[in-house]
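Visitor: Please take a close look at the loops and at one strand they can be set against.

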Amino acid sequence: METGPGLDMLPPLWQGCVLLLPCRHGCGTWRGHSADGYQLLLLSVLHSHVVFSGLKKMQSSLKLVDCIIEVHDARIPLSGRNPLFQDTLGLKPHLLVLNKMDLADLTEQQKILQHLEGEGLKNVIFTNCVKDENVKQVIPVVTELIGNSCRYHRGENLEYCIMVIGVPNVGKSSLINSLRRQHLRKGKAARVGGEPGITRAVMSRIQVSERPLIFLLDTPGVLAPRIESVETGLKLALCGTVLDHLVGEETMADYLLYTLNRHRLFGYVQHYGLGAPCDDIERVLKSVAVKLGKMQKVKVLTGTGDVNVIRPNYPEAARDFLRTFRRGQLGPVMLDLDVLRGHPLAETDP
């Protein structure tokens, strides 16, 4: 994998991170390349020691925990989960909650479940925590998992304690709030937001049920210290697990357009009134900017001096394209369709 020159010039927080350079090729894949002419793609924005520090704090609280709920984005059910969770958090009963199901195309839901079962994940629930869809299934499943497990030193403790884990911005806090609405008729206990990093305190203990008495430990999102491929990193970015400006909105918009066209999802054509599908991100963003009235003045140096030129605001158009996708206005999308259909992601190493 190429990391490009000058990494020692990065801010201290970014040093040691996985830095990749995206480039879309005619073969339909994304690969890492040298720095010349390409924008750096920051796929992991946390120092390795920060990642392991977060996991170590979780591990130190395991003796208080009866079950693990891992929350992930239903649009990427097979990509981007942190493999260190399983290694670090041991053999506790494990429930995978695939949230934001309203934004995902679940036409091949059975294939997803079969794929996950092949990885040893037999307990999976799809949810939409904003509208409390399927959330009522969580407590009964967790109660059954705990009842069938050995609680060791916690056997005499009448209350259950569950740790909620996952990568950033997949809806961990939303799940907690939804469970409280369902079982306690109470409002928010955990902050939520559309950006990663809202939950910062490790091990916030929150009650979500009275009978049985259940408390959840909310934890900050933790990305894997190394992203397995450029496409996996871009999928995570599209789902909002990394701050957009660290990756580049236009890079993300280009990958989103590539994905939508590849899977023949042309909702963007109608939404923006483009007339026909297009694989040129510059043309698409220009049309978006014109439609939204997002223009900007740019100084151009000529032989007679500086001239102000009005041109489309491409970054603002890219941000709108991403927001529209994330709100589901382009229709439900399954970003892992390539994995489901047996087309593996491009590797990072050339």
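**Loops and a covered strand**

Guide: Asp279 is exposed, at 57% relative accessible area (exposed is over 50%, buried under 20%, partly exposed in between, with a 1.4 Å probe and protein chains only). The model is predicted, so local features need pLDDT of at least 70 and side-chain atom pairs 80 or more, while totals for chains, interfaces and linings use all residues. Residues are numbered from 1 along each chain as its sequence is written, and side-chain values use heavy atoms, without hydrogens or water.

Asp279 sits in the loop that runs between helix 9 (267–272) and helix 10 (281–292) (helices, H or I of at least four residues, and strands, E of at least two, are DSSP runs numbered from the N terminus). Arg264 belongs to the loop between helix 8 (249–262) and helix 9. Arg264 is exposed, with 63% relative accessibility, and has a positive phi of about 55° although it is not a glycine.

Asn169, in the loop between strand 8 (160–165) and helix 5 (172–183), also has a positive phi, of about 60°, and is not a glycine. Asn169 is buried, at 13% relative accessibility. In the loop between strand 9 (204–209) and strand 10 (214–218) lies Pro212, and the peptide bond from Arg211 to Pro212 is cis, with omega near 0°. Most residues other than glycine have a negative phi, and most peptide bonds are trans.

Now the strand. In strand 6 (residues 94–99), six of six residues are buried. One side holds His94, Leu96 and Leu98, the other Leu95, Val97 and Asn99. Strand 5 (residues 67–73) pairs with strand 6 in the parallel sense over six bridges (pairing takes at least two DSSP bridges). Opposite Asn99 of strand 6 stands Asp73.
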